Amino acid sequence: MNFKLQITSEAKKQLEDIMSASSKKGLRKQLKKALRLLSENPKHPGLNSHSLQGAEESLGLKVWASYVQNKTPKAHRILWTYSKLGKEIIILQVIPHY
């Protein structure tokens, strides 16, 4: 089952910053692949998707993190949640992991 990706305004800004930076060519390629995999199968092993502990209690929704990069300083992650109907994935943020 393919999921439609919805992107919040905050995530859209983060994506635009990455896509417009000439120094982030490798990250752009990795990000495009991660978004494709996320829409095709959020449980794909390469994404290493996992729920964020404590997010449900504080935000009231289950938030997931998926890898864009791994074994890289400040490796990027996609933070997302399922829509209420479960047919869409809402991208909340695309951020470096510290």
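This is a predicted model: local features need pLDDT of at least 70, side-chain atom pairs count only at pLDDT 80 or more; totals for chains, interfaces and linings use all residues.
Helix H1 covers residues 9-20, a run of 12 residues. At 1.5 Å a residue, a helix of this length should span 16 Å. Four residues of H1 are buried: Ala 11, Gln 14, Leu 15 and Ile 18. They cover an arc of only 100 degrees around the axis, and therefore lie on the same side of H1. This buried side packs against several elements. Its partners are strand S1 (4-7), H2, strand S4 (76-82) and strand S5 (88-96). The face turned away from the buried side carries Ser 9 and Ser 20, which are exposed.

The loop between helix H2 (25-40) and strand S2 (50-51) holds Ser 49. His 44 is also placed in the loop between H2 and S2.

Ser 49 has a relative accessibility of 22%. The cut-off for a buried residue is under 20%, and that for an exposed residue is over 50%. Ser 49 therefore counts as partly exposed. Leaving aside residues up to four places away in sequence, Ser 49 touches Pro 42, Trp 64, Ala 65, Ser 66 and Trp 80. A polar atom of the Ser 49 side chain lies 2.7 Å from the backbone oxygen of Pro 42. The side chains of Ser 49 and Ser 66 make a polar contact at 2.5 Å. Lys 71 is 22 residues from Ser 49 along the chain. The C-alpha atoms of this pair are separated by 15 Å.

His 44 has a relative accessibility of 30%, so this residue counts as partly exposed. Ala 34 is 10 residues away from His 44 along the chain. Their C-alpha atoms are separated by 9.6 Å.

Ala 34 is also one of the residues that line the largest pocket. This pocket holds about 170 Å³ of space. H2 provides the largest share of the lining, with 4 residues. The lining includes Gln 30, Lys 33, Ala 34 and Leu 37. Pro 45, Gly 46, Leu 47 and Asn 48 are also among the lining residues. Tyr 67, Val 68, Gln 69 and Asn 70 line the pocket as well.

Conventions: Residues are numbered from 1 along each chain as its sequence is written. Side-chain values use heavy atoms; hydrogens and water are left out. Helices (H or I, at least four residues) and strands (E, at least two) are DSSP runs, numbered from the N terminus. Buried means under 20% relative accessible area, exposed over 50%, partly exposed in between (1.4 Å probe, protein chains only). Contact means heavy atoms within 4.5 Å. A polar contact is a pair of N or O atoms within 3.5 Å; within protein, one must be able to donate a hydrogen and the other to accept it, and residues adjacent in sequence count only if both atoms are side-chain atoms. The expected span of a helix is 1.5 Å times one less than its number of residues. The arc is that of the directions from the helix axis to the C-beta atoms. On a 1 Å grid over the protein atoms alone, a cavity is a set of points where a 1.4 Å probe fits but cannot get out, and a pocket is an open set with protein on both sides within 12 Å along at least five of seven lines; lining residues have an atom within 4 Å of a point. Grid points are joined across faces, edges and corners, and a volume is the space filled by probe spheres set on the points.
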